[in-house]
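Reader: I have a new structure to read. Where do I begin?
Author: Let us look at it together, one feature at a time.

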Amino acid sequence: MPASDSIAADARPELSVVVPCFNESAVLDAFHARLAAVMARIGAPWEVIYVNDGSRDATLGVIEALAAADSHVGYVNLSRNFGKEIALTAGLDQVRASGAAIVIDADLQDPPELIAELVAAWRDGVDMAYARRRVRQGESFAKRATAAAFYRVMARLTDKVQIPVDSGDFRIISRRALDALLPLREHHRFMKGLFAWVGFSTREVLYDRAPRAGGTSSFNYWKLWNFALEGVTGFSVAPLKLATYLGLAVALFAMLFGGQLIARTLLYGNPVPGYPSIMAVVLFLGGVQLITLGVIGEYLGRIFNEAKRRPLYVVERVSPAGGAAAMNPP
Ligand code: UDP
Ligand code: MG
């Protein structure tokens, strides 16, 4: 279903803000107040689309209350938790803006005030302006270090597509860049990579990332690892190449080792049965083969998932902005 089907065609806003929300009831009111203040200062016609990603707390109720009180608010309620990348996509699919879409987290780690600068960059003619963190506050050294390592490794592995370092999904996307992004329907979504894939002119806007305002981060190392797997396998075949070179290196080593064994046996005879060396070689080769199979399996699994061609998400309900005002005029 194209996004425009679900919305009255009149009164297209210039800016749409998309906010994925998973268990954010503690911060949503504060977030919306700050967002509304910023958008009022910018002065362009706007809407905000909250995507409730199967929250298990009162998030949907909070969003409904916001929609009833403010005609700028529209929302999408997904049928269950689909994860941030897909929730974001569900929101972007509903964007009505003629000008640009803004993507921001609900937890106030991305300061809504920065939207003014992003919009200024877009008005300058930039298609995609993303917020780049200057420092990460309230995050442990270990998280900062793994994040830094992750971005550097990604930058090396993903050829051609330049994924910006130290940036989240907080950004502004022009209408034409969004139109280029929406047809990318892969299930294994790595939004930062997809944004970069689209191309067009890009600019970074520096800011200081604040600690979470409330609620808890759904971050953990297992998630980060899986995130890294999506990023690498989605944008690079380097691990497959690595498997090839690993295999070549081992074969070369085995040839040299075998040659040396033959030479030694011919020259000196074979005084000791070679049990330890055989075990070492067999175990080593077995390990290399398992690793290589695992790498191939990662890609095969992704092909399997994409081949099913399921829809990305299931919507329980969509309520476009302005709907509330139309139903109960003030
Ligand atoms: N989020 C979501 N679905 C999820 C997990 C997170 O929509 O399954 C939203 C969450 O509400 C927030 C944003 O994605 O607005 C970023 O999540 P979080 O703050 O937990 O991630 P972090 O900032 O630690 O990377
Ligand atoms: Mg966060």
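Reader: How many helices and strands does the chain have?
Author: This is a predicted model. Its secondary structure comes to 11 helices and eight strands.

Reader: What share of the 330 residues counts as buried?
Author: The share is 31%.

Reader: Which residues does the UniProt annotation "transmembrane region" cover?
Author: The unreviewed entry gives residues 242-263 and 275-300. Take residues 242-263 in the model. That span is 100% helix and 0% strand, and its end C-alpha atoms lie 32 Å apart.

Reader: Now a strand. How do side chains sit along one?
Author: In a regular strand the side chains alternate between the two faces of the sheet.

Reader: Is strand 3 enclosed or open, and why?
Author: Count its buried residues. Six of the six residues, 73-78, are buried, so strand 3 is largely enclosed by the rest of the structure.

Reader: In which sense do strand 2 and strand 3 pair?
Author: Strand 2, residues 46-52, pairs with strand 3 in the parallel sense over five bridges. Val 48 stands opposite Val 73 in strand 3.

Reader: Which residues touch the most other members of the largest nonpolar core?
Author: They are Val 18, Val 51, Ala 101, Ile 102 and Leu 118, in a core of 64 residues.

Reader: What does Leu 118 touch, leaving out residues up to four places away in sequence?
Author: Leu 118 touches Ile 102, Ala 129, Ala 131, Arg 171, Ile 172 and Val 205.

Reader: How far apart in sequence are the partners in the chain's contacts?
Author: Consider contacts between residues at least 6 apart in sequence. Of these, 86% join residues at least 24 apart.

Reader: One last residue. Where does Phe 22 lie?
Author: Phe 22 lies in the loop between strand 1 (15-21) and helix 1 (28-42).

Reader: Is Phe 22 buried or exposed?
Author: The cut-off for buried is 20 or more other C-beta atoms within 10 Å. Phe 22 has 22, so it is buried. From Phe 22 to Ala 40 is 18 residues in sequence and 26 Å in space, C-alpha to C-alpha.

Notes:
Residues are numbered from 1 along each chain as its sequence is written. Chains are lettered from A and ligands numbered from 1 in the order in which they are written. This is a predicted model: local features need pLDDT of at least 70, side-chain atom pairs count only at pLDDT 80 or more; totals for chains, interfaces and linings use all residues. A nonpolar core is a set of buried Ala, Val, Leu, Ile, Met, Phe, Trp, Tyr and Cys residues joined through C-beta atoms within 7 Å. A residue is buried if 20 or more other C-beta atoms lie within 10 Å of its own, exposed if 12 or fewer, and partly exposed in between; C-beta atoms are placed from the backbone. Two residues are in contact if their C-beta atoms, placed from the backbone, lie within 7 Å. Helices (H or I, at least four residues) and strands (E, at least two) are DSSP runs, numbered from the N terminus. UniProt positions are given in the numbering used here, feature names are shortened, and annotations may be inferred rather than shown by experiment. Two strands pair if DSSP finds at least two bridges between them.
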